[in-house]
Amino acid sequence: MRILCLHGYNQSGQIFLTQLSAVIKVIQNSETRVSFDFVNAPIQSALPSFDGQTLYKFFHGSAITDIYKAHEWLTAKLEADGPYDGVIGFSQGATLLSSYLLYHQWYNYEYEPPFTFATFISGTIPLAVLKDLGTPIPRAAELVVEEIELRRQGNLDPSPSHVSLARQAIFNSDDCFGLDLNKVPLELKIRIPTVHVWGMKDPGFPTSTHLAGLCDPYIRKIYMHNSTHEVPQGIEDTQQLGQSVLWCMQRAIWPGRCDPDEGKEKE
């Protein structure tokens, strides 16, 4: 299996490789043959990292035009270096991934999805994307996102009201942090196996819950760690994340799907 890896805002493929190194060991310790492709986003950041590395981003903001350009880059990447079986995205990379899948399902529904499974770490789906695809956005959902931005700007913990609703919102299709998931067309529900990972100390976790709510609950796994907006690094967290990715990979080839490596001689 081949997995594409999309890093976060102002990061790089090398940084994401370092962040996921312990998770990769968990995956590679299984009997599944898998390779990872860590790519750099197309836009170079003006700011160097603390150790002088060049940093990258997929888009400047959350404007639809910027997201369209990022989609064009990802399409070109898949045409040049694909196909990939699965994908792992963190933060902005996960936002690129979620929006790409939704636009693909809406406009290219006659084709197979570009990936057979996906893992979102601190992922989100911008409300602007849902609105662009014709989904009604309640004012309550907009207020949730506005509060998240204020708390991020102030470097604050998640809203206590959001924390109190955290688990309930996952299963409440009528009010998932302001979104009425029952009014989202079925064509905009991601129907491949997915894993969703977020930190309960990340003020933006409600938007990760939005994204999870747009995915098929029967082939979806959620893992919440006790940290912030990051790729979790603790021993238990990396084990859980690695096992969750393996679960997702297995769901992608069962039932009715064949492992492309099945029957090949092992090297």
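In the predicted model, Leu-4 touches Asp-37, Val-39, Leu-74, Lys-77, Leu-78, Tyr-84, Gly-86, Val-87, Ile-88 and Phe-115, when residues up to four places away in sequence are not counted. Apart from the core to which Leu-4 belongs lies another core, of 27 residues, which includes Phe-90, Ile-121, Tyr-223 and Leu-246. The largest nonpolar core comprises 42 residues, and within it Leu-4 and Leu-6 have the most contacts.

The packing of α2 against α3 was examined next. The axes of these helices, α2 and α3, come within 10 Å and cross at roughly 85°; because angles of 65 to 115 degrees count as roughly perpendicular, α2 is described as roughly perpendicular to α3. On the α2 side the contact is made by Ile-64, Ile-67, Tyr-68, Ala-70, His-71, Trp-73, Leu-74, Thr-75 and Leu-78, and on the α3 side by Leu-96, Ser-99, Tyr-100 and Tyr-103. Classified by residue type, the contact of α2 with α3 has 10 nonpolar and three polar residues, and no charged residues.

As to confidence, the protein averages a pLDDT of 91, and 94% of the residues score at least 70. Over residues 256-267, however, the pLDDT is below 50, and this stretch has 12 contacts in the model beyond near neighbours in sequence.

How values were computed
Residues numbered from 1 in each chain as written. Predicted model: local features only at pLDDT ≥ 70, side-chain atom pairs only at ≥ 80, totals over all residues. Heavy atoms only, no water. Core = buried A, V, L, I, M, F, W, Y, C linked by side-chain atoms within 4.5 Å. Buried < 20%, exposed > 50% of the residue type's maximum accessible area, 1.4 Å probe, protein only. Contact = heavy atoms within 4.5 Å. pLDDT = per-residue confidence, 0-100. Axes fitted to C-alpha atoms, helices over the stretch in contact; angles between N-to-C directions. Helix = DSSP H or I, 4+ residues; strand = E, 2+ residues; numbered from the N terminus. Parallel < 35°, antiparallel > 145°, perpendicular 65-115°, else oblique. Nonpolar A, V, L, I, M, F, W, Y, C, P; charged D, E, K, R; others polar.
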